[in-house]
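Please read the following report alongside the sequence and the model.

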Amino acid sequence: MNSDVTKSFSSLYPRHLSRLTEIAEKAMHAEQCDSMLIHSGVPKLHFLDDYHSPFKASPHFVWWLPVTQSPHCYLLIQTGQKPVLFYHLADDFWHVPPQPPQGFWCDYFDIHFCADLAQVKQKLSHYQSTTAHRAWIGEDTELAKELGINTSNPDGLMHRLHYGRAVKSPYEIACLTQANILALAGHRAAEQAFMDGKSEFETQLAYLAAVQLDPVEMPYRNIIGFGSHSAVLHYQHYDNKPQNMHQPQSFLIDAGAPCHGYAADITRCHSRGSPFYQGLIDAMTKAQLSVCAMVKPGVNFADLHHQMHSLVLDLLLEFKLVQGSRDELVTRRISSVFFPHGLGHLLGIQVHDIGGWQQDEVGTMLLPPKNHPFLRCTKILEKDMVVTIEPGLYVIDSLLQKCRDNGLGHLLNNTAIDQLRPLGGVRIEDNVVAAQQPISLFNLGS
Ligand SMILES: [Mn+2]
């Protein structure tokens, strides 16, 4: 990260913190509490084992400060007071022990170093005036009781915080931008590896080398699929087989990167030697860009999803994957056979950021329409919400078979489907900031 970027984080952070303070104080006031203790979390042990899963900090903790790799920390937010951080600092001869925190955010917190829970308890007791009205935000509710807090993750408070998290501050948008810029380096390296004939596994290594990260530091497991693997929505392997360079090949890569705990979530497709597949990529990219341009305040995300279905149907007709009257194809919802997932989701600290169905701060939920159960966002967009726009079109044989079983086989053009099958499918995904002029973050880096 260059010094300009670091400077921009330090200049944007104070406003982020005051926005959070405002949201938190309003939420606490509405829910009759005057402080909350937010736990960073702990790594989880495997069953009957002494190995842990990789540590994932609580998103509520990361929202306040970019500390993503420090378990056993506590953040005390009190109405009208400077935030207090109880930072875990203990001798540990098995690992490199944690270091005192450094960075642009430190001055805004009272920081206490604690080696164990007894020290946390002791130091927390200096802030005891409000414990009767204190809420715990964290997974381990037994730990909350040990610290004298009986109210854990109260629904009312959580709804208000989750609602607030959907709209991003300029600091958060800078984090998401930087994550996109890092992901771009990975995507370029992976494309090159694919074109050079590397295997899926080698392509994954090329991505990781370019972003200089361990897989466990990635916001989600990279999807690197060649050929028919690109039609498996969450394809989970990295094939070692070398490519056959005498055959056309397709490549779908869904891979992100982190910055201060915020995630990029980007998908691209590449063709080597298939004008048919390249044509499909180009047409999908055009359709996707037209919907990215609609990510504006006041727009219903479900409407964008339906608009995308109409564009996917255009593509299915253009590439002759389906046949029959447009009316019948719409009525039979044929686009869902090829595009079975949602258009996208809120993006932030969590890749599928929380609150996509939440309509207001008291937690009214609007579930997705019955025929579109995988739509992860049913919100009316507001300025500075960040969403992914990720339409896809795939040959998924189980869904095609169901379609035939339902007596709709006459709508499918098997010749064209057979042509696409070995190439899998396409998905194009960008991270877009809702605004009058929507901002596509991945493009900022290219
Ligand atoms: Mn996504």
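## Packing of α1 and α6

The axes of α1 and α6 come within 7 Å of each other and cross at roughly 140°, where axes are lines fitted to C-alpha atoms, for helices over the stretch in contact, and angles run from 0 to 180 degrees between N-to-C directions. That angle makes α1 oblique to α6, because angles under 35 degrees count as roughly parallel, over 145 as roughly antiparallel, 65 to 115 as roughly perpendicular and the rest as oblique. Helices here are DSSP runs of H or I with at least four residues, strands are runs of E with at least two, and both are numbered from the N terminus.

From α1, the residues Val5, Phe9, Leu12, Tyr13, Arg15, His16 and Arg19 meet Pro170, Tyr171, Glu172, Ala174, Cys175 and Gln178 of α6, contact meaning heavy atoms within 4.5 Å. By class, this contact has eight nonpolar, two polar and three charged residues; Ala, Val, Leu, Ile, Met, Phe, Trp, Tyr, Cys and Pro count as nonpolar, Asp, Glu, Lys and Arg as charged, and the others, Gly among them, as polar.

## Basis of the model

The model is predicted, and local features need pLDDT of at least 70, while side-chain atom pairs count only at pLDDT 80 or more and totals for chains, interfaces and linings use all residues. Residues are numbered from 1 along each chain as its sequence is written, and side-chain values use heavy atoms, with hydrogens and water left out.

## Two further helix pairs

Helix α1 (residues 3-30) also packs against helix α5 (residues 155-166), at an angle of about 155° and with the axes 9 Å apart, which makes α1 roughly antiparallel to α5. In this pair, Arg19, Ile23, Ala24, Ala27, Met28 and Ala30 of α1 meet Leu157, Arg160, Leu161 and Gly164 of α5, and the residues divide into seven nonpolar, one polar and two charged.

Helix α6 (residues 170-195) and helix α7 (residues 200-211) have axes that come within 8 Å and cross at roughly 145°. The α6 side of the contact includes Leu182, Ala183 and Phe194, and the α7 side includes Thr203, Tyr207 and Val211; by class, the contact of α6 with α7 has eleven nonpolar, three polar and no charged residues.

## The manganese site

The manganese ion has as its protein donors Asp265 (OD), His345 (NE2), Glu390 (OE) and Glu429 (OE), which lie 2.1 to 2.3 Å from it. Donors are N, O and S atoms within 2.8 Å of the metal (3.2 Å for Na, K and Ca), and water is not among the atoms, so sites may look incomplete. Along the chain the donors follow the spacing D-x79-H-x44-E-x38-E.

His345 counts as buried at 2% relative accessibility, and Glu429 counts as buried at 0%; buried means under 20% relative accessible area, exposed over 50%, and partly exposed in between (1.4 Å probe, protein chains only).

Ala166, found in helix α5, counts as buried at 1% relative accessibility. Leaving aside neighbours within four places in sequence, Ala166 is in contact with Leu346, Lys379, Asp384, Met385 and Val386.

Glu328, placed in helix α10 (residues 326-331), is partly exposed, with a relative accessible area of 27%. Not counting residues up to four places away in sequence, Glu328 touches His410 and Leu411.
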